[in-house]
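Subject: Structure handover

Hello,

Here is the structure you are taking over. Please open it alongside this message.

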Amino acid sequence: MGKFGSTPSVVADLMQADPEWKPVLEAFLEPYLNHYWVHSFEEAQQAVLLLSESSKGRVGFFIQETLIQSASKELELPKGCLDALSLIRCREEHMALFRHLLHGVWVCDEEALSLLTPAVS
């Protein structure tokens, strides 16, 4: 895909996490890991054309210019939980993407999970 101003990146390649947390984060993000991250609609359109020309099939995109830096409502973090966003490392330009994907996602220990999960009678 060399015709781009920058090379599109697969979401899976944009983040790092400690081995302890990576399987949990990848399990949650799995539907999005093969999507491409591009800067603009133009780059996405170029990629679609190139994929069509090479019969590579379907692909999803996250477009940086559409990921508005919004002031998301801060959620109260339950005791025994970690904010999933705090468990990843990525370049600053990719942070809006991961804020979008991981907003309100917590990693909890078993005790916290039992307090968050309604009892089934």
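Below is what I found in it, from the overall fold down to single residues.

**Overall fold**

Please keep in mind that this is a predicted model. The protein chain has 4 helices and 7 strands. Along the sequence they follow the pattern β-β-α-β-α-β-β-β-α-β-α. Of the 121 residues in the chain, 32% are buried. Take the contacts with a separation of 6 or more: 73% of them join residues 24 or more positions apart. The accessible surface is about 8,400 Å². Carbon and sulfur atoms hold 53% of that surface.

**The nonpolar core**

In soluble globular proteins, nonpolar side chains tend to be buried together. In this model, the largest nonpolar core has 21 residues. Which members touch the most others? They are Val11, Leu25, Leu29, Leu97, Phe98 and Leu101. Strand 2 (15-17), helix 1 (22-29) and helix 3 (95-102) each supply at least two residues of this core. Helix 3 gives the most, with 5 residues.

Setting aside residues up to four places away in sequence, leucine 25 touches Met15, Ala17, Ala84, Leu87 and Ile88.

Strand 1 and strand 3 (residues 36-38) run antiparallel and are joined by 2 bridges. To find the pairing on screen, go to serine 9: its bridge partner in strand 3 is tryptophan 37.

Histidine 94 sits in the loop between strand 6 and helix 3. Is it buried or exposed? Histidine 94 is buried, because its relative accessible area is 4% and the cut-off for buried is under 20%. Apart from neighbours within four places in sequence, histidine 94 is in contact with Leu14 and Trp37.

Glutamine 64 lies in the loop between strand 4 and strand 5 (81-83). Glutamine 64 also counts as buried, at 18% relative accessibility. With neighbours within four places in sequence left out, glutamine 64 is in contact with Trp37, Val38, His39, Glu93 and Ala96.

**Salt bridges**

How many salt bridges are there? The count is 3.

- Arginine 89 and aspartate 18: the side chains meet at 3.2 Å, N to O. This pair links distant parts of the chain, 71 residues apart. Arginine 89 is in strand 6 (residues 88-90), while aspartate 18 is in the loop between strand 2 and helix 1. Arginine 89 is partly exposed at 42% relative accessibility. Aspartate 18 is partly exposed too, at 38%.
- Lysine 22 and glutamate 26: the side chains meet at 3.9 Å, N to O. Both residues lie in helix 1, 4 residues apart, about one turn of the helix. Lysine 22 is partly exposed at 28% relative accessibility. Glutamate 26 is partly exposed at 31%.
- Glutamate 93 and arginine 91: the side chains meet at 2.6 Å, N to O. Glutamate 93 is partly exposed at 27% relative accessibility. Arginine 91 is exposed, with a relative accessible area of 55%.

Glutamate 93 links back to the section above: it is one of the contacts of glutamine 64.

**A nonpolar patch on the surface**

Which residues form a nonpolar patch on the surface? They are Leu75, Leu77 and Trp106. Together they have about 250 Å² of accessible area. Tryptophan 106 belongs to strand 7 (residues 106-108). At 31% relative accessibility, tryptophan 106 counts as partly exposed.

**Where to look**

For a quick tour, begin with leucine 25 and its contacts, including Met15 and Ile88. Move on to serine 9 and its bridge partner, tryptophan 37. Then view the salt bridge of arginine 89 and aspartate 18. Finish at the surface patch of Leu75, Leu77 and Trp106.

Best wishes

Notes. Residues are numbered from 1 along each chain as its sequence is written. This is a predicted model: local features need pLDDT of at least 70, side-chain atom pairs count only at pLDDT 80 or more; totals for chains, interfaces and linings use all residues. Side-chain values use heavy atoms; hydrogens and water are left out. Buried means under 20% relative accessible area, exposed over 50%, partly exposed in between (1.4 Å probe, protein chains only). Contact means heavy atoms within 4.5 Å. Accessible areas come from the Shrake-Rupley method with a 1.4 Å probe; for residues, only the protein chains shown count as cover. A nonpolar core is a set of buried Ala, Val, Leu, Ile, Met, Phe, Trp, Tyr and Cys residues joined through side-chain atoms within 4.5 Å. Patches are made of residues with over 30% relative accessible area and no salt bridge: like charges are joined within 9 Å, nonpolar side chains (Val, Leu, Ile, Met, Phe, Trp, Tyr) within 5 Å. A salt bridge is a side-chain nitrogen of Lys or Arg within 4 Å of a carboxyl oxygen of Asp or Glu. Two strands pair if DSSP finds at least two bridges between them.
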